[in-house]
Amino acid sequence: MTRPRTTVVALAAGLLAAAGAFVVLSPSANAAATLGAAAAEKGRYFGTAVAAYKLSDSVYSGILNREFNSVTPENEMKWDATEPSQNSFSFSSADTIVNRAVANGAKVRGHALAWHSQQPSWAQNMSGTTLRNAMLNHVTRVATYYRGKIDSWDVVNEAFADGSTGARRDSNLQRTGNDWIEAAFRAARAADPAAKLCYNDYNTDGQNAKSNAVYAMVQDFKSRGVPIDCVGFQSHFNAQSPLPSDYQANLQRFANLGVDVQITELDIEGSGTTQANSFASVVRACLAVTRCNGITVWGIRDSDSWRASGTPLLFDGNGNPKAAYNSTLSALGGGTNPSSSPTSSPSTSISPSTSPSNPNPGGSGCTATTSVNAWNGGFVLTVKITAGSARINGWTAGLTLPSGSSVTNTWNATASGTSGAVSFTNVSYNGGVNAGASTEFGFQGTGSAPTTTPTCTSR
Ligand code: G3I
């Protein structure tokens, strides 16, 4: 579902200065232009939750097809949706999503086989052995039906209690016996031996009593040969439940148990810089953990979110990419996707500086090229820093903003100043650039976009 790299508008400063030309269309962008393509270059997927009934919305499906190479049915595979009456299965809504994904080469995360919530009413009224058998039958039938099409299954979802007890969550399933989780995993393995089998939960994103309890369970399962392949970290963040500072360390400690880790339902309430930086931090954490397979955001546009008022996603209600989209793509190592906005017109009219006193130094140091996405009253400028014939260990890009314009947020660089002459210096993880290689940073601003080529100074 990820399109190939797209052409990026770039300025070749020296050439422009010599020719007095304005815009050069570079035929080859070094950086992938979509979330899925950028993640794929890192050996990972970038997915989204999908609602079947929204697939007829062309803005929704356009973004889906363009950006994501993994999907998770948001509700269509849950017990109430797939087995509304006992032993009578209903797969048509989920099939719509799965068949489309398979046709497009996208992965599918199955969600979720056994969960205390979203049970059909007939199961809610069951208990004991009757419920245990009904649950195992459900796991077997659904996993068998989708055998071969699922990359990873959330076999059991949200089985631990919140708070400091580290206990299992009380539920009708838990009351069938503490071994209900491993029984579900064994049934799933028998039904679809090739699918990765995950335990999935929320508020387990940092080290705490709940994640410690899940950790102990995974450790126990691994030691006893209970089939488990992965742990899903839902990663629903907001002011009350922020991205924890030990997020990466927590992912890593689970990975060290011999399971893959996946970020399964990412959304981060907020806006602007803070939100953009948090999304980038999540991406960097996943990229830093070898066994982190991929990231799934829990919806496409803010308006698609289960908590839409918190504007927690990467696209606004009109389908325009937000600052969080740009920071996410940059953190994945991708480049700007100037056509990613369905409602704003990407601007390509960048005028270069022709002043000999402001050349882009280039040479063996570095050069800066830009692409811009501008709209009435604002813009996002993505700046690509390319090392010259030798490796550089740090860089600073300088440019002058037009009068009345100012920087509102920056990703993958530290800005000095917000108006007039501003400079952007590398952050800790992107200062080192090998000869001929590139890295990118970006910033969002109000007013009109700069029309001069940034200078680039290397260290
Ligand atoms: O489709 C019906 C519609 O016909 C009806 O008019 C309407 C009335 O309420 O309900 C609609 O169904 C809703 C469905 O979402 C689709 O929008 C359900 O009531 C509602 O309960 C359901 O909420 C889902 C929720 O899980 C259920 O627990 C959310 O969409 C979904 O995003 C959310 O996802 C969960 C994950 O599965 C597990 N982790 C937490 C995550 C967020 O809560």
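User: How do the residues of the shell around the ligand divide into nonpolar, polar and charged?
Analyst: This is a predicted model, where local features need pLDDT of at least 70, side-chain atom pairs count only at pLDDT 80 or more, and totals for chains, interfaces and linings use all residues. Numbering runs from 1 along each chain as its sequence is written, and side-chain values use heavy atoms, without hydrogens or water. Asp, Glu, Lys and Arg count as charged; Ala, Val, Leu, Ile, Met, Phe, Trp, Tyr, Cys and Pro as nonpolar; the others, Gly among them, as polar. For the shell, that gives three nonpolar, six polar and four charged.

User: Which residues around the ligand come nearest?
Analyst: There are 13 residues around the ligand (a heavy atom within 4 Å of it). Those that come nearest are Glu74, Lys78, His111, Glu158 and Glu265.

User: What share of the ligand's exposed area does the protein bury?
Analyst: A ligand nitrogen is 2.8 Å from a side-chain N or O atom of Glu158. Taken alone, the ligand exposes 790 Å² (Shrake-Rupley method, 1.4 Å probe). The protein buries 48%.

User: Which strand gives the largest share of the lining of the largest cavity?
Analyst: On a 1 Å grid over the protein atoms alone, a cavity is where a 1.4 Å probe fits but cannot get out, and lining residues have an atom within 4 Å of a point. Lys78, Trp79, Ala112, Leu113, Ala114, Trp115, Ser117 and Gln118 line the largest cavity. By class, they are five nonpolar, two polar and one charged. Four residues, the largest share, come from strand 5.

User: How much space lies in the largest cavity?
Analyst: The whole structure has one cavity of 30 Å³ or more. The space in the largest cavity is about 40 Å³.

User: Which residue joins His111 in a cis peptide bond?
Analyst: Omega of this bond is about -5°. The partner is Ala112.

User: How far apart in sequence are the parts that Arg109 and Asp154 tie together?
Analyst: There are 19 salt bridges (a Lys or Arg side-chain nitrogen within 4 Å of an Asp or Glu carboxyl oxygen). In the one between Arg109 and Asp154, the closest N and O atoms are 2.7 Å apart. Arg109 is in strand 5 and Asp154 in strand 6 (residues 152–157), so the pair ties together parts separated by 45 residues.

User: What is the volume of the largest pocket?
Analyst: A pocket is an open set with protein on both sides within 12 Å along at least five of seven lines. Here 22 residues form the lining, and Lys42, Ser330, Gly333, Ser438 and Thr439 lie nearest the centre. By class, the lining has eight nonpolar, nine polar and five charged residues. The pocket's volume is about 520 Å³.

User: Which strand supplies the largest share of the lining of the largest pocket?
Analyst: Helix 2 (35–41), helix 11 (272–288) and helix 12 (323–331) are among the elements that each supply at least two residues (DSSP runs of at least four residues for helices, at least two for strands). Three residues, the largest share, come from strand 18.

How values were computed
Polar contact = N/O pair within 3.5 Å; in protein donor to acceptor, adjacent residues only side chain to side chain. Points joined across faces, edges and corners; volume = space filled by probe spheres on them.
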